[in-house]
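The sequence and the model are shown first, and the discussion follows.

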Amino acid sequence: MIGAPGENGGSGAVTVIRGTATLLDTAHAVTWTQNSTGVPGGSETGDAFGTGVRVVDLNKDGYADLVIGAPGEDGGAGAVWWLRGSASSVTATGAVSAGAGGTGLGSAGGAHLGNVVTGP
Ligand SMILES: [Ca+2]
Ligand SMILES: [Ca+2]
C-alpha cells in the first residue's frame with residue numbers, strides 16, 4: 001500500500017499493489033481516494049488522504065484491512081478511513097471513516113488526526 005498525499009492537488013490517494021512471486025503486480029494496481037465509489041467523504045484540496053497508511057486486520061476476519069489517514073481533512077482536524085480486506089482485494093463495501101470529533105478529539109483547529117497511523 002502506497003500513500004500519495006500530494007496527489008490530485010493535495011487531496012491525496014492511496015494505491016494498493018498486490019505482491020506476486022516475482023515482486024509487484026502493478027498491472028492490477030488499484031487507487032483509492034475519497035471520491036472512490038463507496039468511500040465516505042469527498043476529495044478536497046489539502047485533505048492529504050494517504051499521509052498515514054497501515055495494513056492491519058482490524059476486524060480479525062483473516063483479511064488485511066487498510067487504515068488511511070487524511071490529516072488535512074476538515075481544515076486540518078483530520079480523519080481516518082478503514083477499508084476492509086476480502087478474499088479478492090480491498091473493498092469499499094462497509095468502508096467507514098471517523099473525524100477528529102468522532103474520536104474524542106476537538107474538531108476545531110489542527111488536530112491533524114491521521115498524520116500517523118501505527119499499531120501492532
Ligand atoms: Ca475530504
Ligand atoms: Ca480484516
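Leaving aside its neighbours within four places in sequence, which residues is Ser-97 in contact with? The model under discussion is a predicted one.

## Ser-97 and its surroundings

Ser-97 belongs to strand E7. Once the neighbours within four places in sequence are set aside, its contacts are Pro-40, Gly-41, Ala-79, Val-80 and Trp-81.

Ser-97 counts as partly exposed, because 18 other C-beta atoms lie within 10 Å, whereas a buried residue has 20 or more. Gly-114 stands 17 residues from Ser-97 along the chain, and the C-alpha atoms of the two are separated by 11 Å.

Strand E6 covers residues 79-85 and strand E7 covers residues 90-99; the two run antiparallel and are joined by six bridges.

## Strand E5 and its two partners

Strand E5, formed by residues 65-70, is mostly covered, with five of its six residues buried. It is joined by five bridges to strand E4 (residues 52-56), and these two strands run antiparallel. In that pairing, Val-53 is placed opposite Ile-68 of E5.

E5 is also joined to E6, again in an antiparallel arrangement, by five bridges. Here Gly-69 is set opposite Val-80 of E6. Val-80 is also one of the residues in contact with Ser-97.

Most residues other than glycine have a negative phi. Against that background, two residues of this model deserve attention.

Asp-74 is not a glycine, yet its phi is positive, at about 50 degrees. This residue is found in helix H2, which spans residues 73-76. Asp-74 is classed as partly exposed because it has 18 C-beta neighbours inside 10 Å.

His-112 likewise is not a glycine and has a positive phi, of about 55 degrees. His-112 lies in the segment after E7. Is His-112 buried or exposed? His-112 is buried, because 20 other C-beta atoms lie within 10 Å, and a residue with 20 or more is counted as buried.

Notes:
Residues are numbered from 1 along each chain as its sequence is written. Chains are lettered from A and ligands numbered from 1 in the order in which they are written. This is a predicted model: local features need pLDDT of at least 70, side-chain atom pairs count only at pLDDT 80 or more; totals for chains, interfaces and linings use all residues. Two strands pair if DSSP finds at least two bridges between them. Helices (H or I, at least four residues) and strands (E, at least two) are DSSP runs, numbered from the N terminus. A residue is buried if 20 or more other C-beta atoms lie within 10 Å of its own, exposed if 12 or fewer, and partly exposed in between; C-beta atoms are placed from the backbone. Two residues are in contact if their C-beta atoms, placed from the backbone, lie within 7 Å.
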